[in-house]
Amino acid sequence: MTNELEYNSERSKLIIPEYGRHIQKMVEHAVEIQDDEERNKVARAIISVMGNLNPHLRDVPDFQHKLWDQLFIISDFKLDVESPFPKPSKEMLEERPERMTYPQNFPKYRFYGNNIKRMIDEANKFEDGPEKDGLIYTIANHMKKSYLSWNKDSVDDKVIFEHLRELSGGKINLKNTDEDLSEASELLRSNKKFATKKPAKKTHRPRSRKRH
């Protein structure tokens, strides 16, 4: 009995732990089968067992593709069987994905949010004219509103214009403009309109007792 014990240190590494040791042993056995027909038969049986772990998905084509890919991965790509889907390669699995582009972040002006920067970038693409001017002042007013949400006191329009110039890479400069932004009181009033109202408290009336 002692000779039949199998210690973890002697076992092969679990390639996909979610499927457990028994599935991996079945795959390792399939790899060793010499007869092509028998090996393919066993592979399909293993796919069926793997699918039973997620019975609601086992017949979905995309999920079937995933199961076959995982079967080849568990075999360390040594299993030679006919698959209804293109066989994955070890090189494809080890290939590094392209680096994701993270949204730009401006720690100095977090209160504006990343959407403001995207709006400014779009405004820079517009041709000069009334439409671009209107968009720029809309952005500037929104920046002022966001600033006031962070700083309840007040803010000079020149501060907003300077931030706008900096965030636009110097392409939008309202420093010498004669037009003023909306008043702080007006912007703060609009903020209050969109504030969530607390639900009214329900008053419980005492039930009237019936006289017998």
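**Exercise 1.** What percentage of the 212 residues in the protein chain is made up of buried residues?

*Solution.* The model is a predicted one, and the values below are computed from it. Begin with the secondary structure: the protein chain has eight helices and zero strands, so that, read from the N terminus on, its elements run α-α-α-α-α-α-α-α. Then turn to burial, for which a residue must have under 20% relative accessible area; buried residues make up 28% of the 212 residues. Finally, consider the surface of the protein chain, which comes to about 17,100 Å², with 49% of this belonging to carbon and sulfur atoms.

**Exercise 2.** Identify the buried residues of helix H3 and state what covers them.

*Solution.* First locate the helix: H3 takes in residues 61–74, and its 14 residues reach 20 Å from the first C-alpha to the last, close to the 20 Å expected at 1.5 Å a residue. Next list its buried residues, which are Phe63, Leu67, Trp68, Gln70, Leu71, Phe72, Ile73 and Ile74. The cover over these residues includes helix H1 (20–32), helix H2 (36–52) and helix H4 (90–94). After H3 comes Asp76, which has a positive phi, near 60°.

**Exercise 3.** Is Glu18 buried or exposed?

*Solution.* Exposed means over 50% relative accessible area; because Glu18 has a relative accessible area of 66%, it is exposed.

Note on methods: Residues are numbered from 1 along each chain as its sequence is written. This is a predicted model: local features need pLDDT of at least 70, side-chain atom pairs count only at pLDDT 80 or more; totals for chains, interfaces and linings use all residues. Side-chain values use heavy atoms; hydrogens and water are left out. Helices (H or I, at least four residues) and strands (E, at least two) are DSSP runs, numbered from the N terminus. Buried means under 20% relative accessible area, exposed over 50%, partly exposed in between (1.4 Å probe, protein chains only). Accessible areas come from the Shrake-Rupley method with a 1.4 Å probe; for residues, only the protein chains shown count as cover. The expected span of a helix is 1.5 Å times one less than its number of residues. Contact means heavy atoms within 4.5 Å.
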